[in-house]
Amino acid sequence: MAKIEARLEELGISLPAAPAPAANYVPFVRSGNLLYVSGQISNGPDGLILGRLGASMDATEGALAARFCGLALIAQAKAALGDLDRVTRVVKLTGFVNCTPDFTEQPKVVNGCSDLMVEVFGDAGRHARAAVGAPSLPLGVGVEIEAIFEVE
């Protein structure tokens with residue numbers, strides 16, 4: 001069994017199916033040794049994770065939503081590469097948090113995805129990052145995150 005697949009199994013993590021694009025874009029693009037994965041919205045086992053941080057969601061709920069974004073990012077990487085062992089580094093995450101103007105815990109929310117990347121990829125999962133507040137996100141979801149992976 002591949003190293004990352006074994007790690008996912010050890011962690012009790014099942015990847016979702018890689019989501020299909022919802023508009024006129026592709027889910028990922030490879031350029032050289034970089035894999036750019038389009039923004040993945042918060043979607044859990046019961047459907048879209050809707051809400052606004054600072055209003056109907058707190059930072060803990062937001063971090064769980066971000067973790068689901070991370071699972072979708074990894075699923076897209078697997079769809080693109082066929083083998084997650086081809087990921088040599090998580091380069092950067094950009095997280096968008098649907099929040100009220102006075103909400104300031106965007107980094108805590110996006111940590112839900114960042115922590116997952118380190119759990120799954122170890123030191124290669126440590127990455128550069130942005131955590132940005134937004135007045136709204138597609139379909140009313142709480143979180144959207146995009147990623148850049150270095151691959152072989």
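Reply: The account below goes from the sheet to the helices and then to individual residues.

This is a predicted model, in which local features need pLDDT of at least 70, side-chain atom pairs count only at pLDDT 80 or more, and totals for chains, interfaces and linings use all residues. Residues are numbered from 1 along each chain as its sequence is written, and side-chain values use heavy atoms, with hydrogens and water left out.

The sheet is open and has five strands, in the order S1-S2-S7-S5-S6, with mixed pairing. Helices (H or I, at least four residues) and strands (E, at least two) are DSSP runs, numbered from the N terminus, and two strands pair if DSSP finds at least two bridges between them. Strand S1 (28-31) and strand S6 (128-134) are the edge strands, each pairing on one side only. From one strand to the next, the twist averages 15 degrees; axes are lines fitted to C-alpha atoms, for helices over the stretch in contact, and angles run from 0 to 180 degrees between N-to-C directions.

Within this order, strand S2 (residues 34-41) and strand S7 (residues 143-151) run antiparallel and are joined by six bridges. Two of the facing pairs can be named here: tyrosine 36 stands opposite isoleucine 148 in S7, and glutamine 40 stands opposite isoleucine 145 in S7. S7 also pairs with S5, again in the antiparallel sense, over nine bridges. S5 and S6, by contrast, run parallel and are joined by seven bridges. In that pairing, alanine 128 in S6 is the bridge partner of lysine 92.

Threonine 94 is placed in strand S5 and stands opposite glutamate 146 in S7. Threonine 94 has a relative accessible area of 13% and is therefore buried (buried means under 20% relative accessible area, exposed over 50%, partly exposed in between, with a 1.4 Å probe and protein chains only). Its contacts, leaving aside neighbours within four places in sequence, are Ala130, Glu144, Ile145 and Glu146, where contact means heavy atoms within 4.5 Å.

Helix H2 (residues 59-81) lies across S1, S2, strand S5 (87-98) and S7, and runs at about 40 degrees to S7. Helix H3 (residues 106-121) lies across S5, S6 and S7, and runs at about 160 degrees to S5. S5, H3 and S6 together make a right-handed β-α-β unit; a crossover is right-handed if, with the strands pointing away from the viewer, the path from the first strand over the helix to the second runs clockwise.

The passage from S5 into H3 deserves attention. Threonine 104 lies in the loop between S5 and H3 and, at 65% relative accessibility, counts as exposed. Glutamine 106 lies in helix H3 and, with a relative accessible area of 11%, is buried. The side chain of glutamine 106 reaches the backbone oxygen of phenylalanine 103 at 3.1 Å. Apart from neighbours within four places in sequence, glutamine 106 is in contact with Val97, Cys99, Ala131, Val132 and Gly133.

The cysteines form no disulfide, the count being zero, where a disulfide is a pair of cysteine sulfur atoms within 2.5 Å. The cysteine sulfur closest to that of cysteine 69 belongs to cysteine 113 and is 6.8 Å away, so it is too far for a bond. Cysteine 69 counts as buried because its relative accessibility is 0%. Cysteine 99, the residue in contact with glutamine 106, is likewise in no disulfide, and the nearest cysteine sulfur, that of cysteine 69, is 14 Å away. Cysteine 99 is buried, with a relative accessible area of 5%.

Leucine 139 is placed in the loop between S6 and S7 and, at 62% relative accessibility, counts as exposed. Leucine 139 has a positive phi of about 65 degrees although it is not a glycine. Most residues other than glycine have a negative phi.

Notes: Polar contact = N/O pair within 3.5 Å; in protein donor to acceptor, adjacent residues only side chain to side chain.
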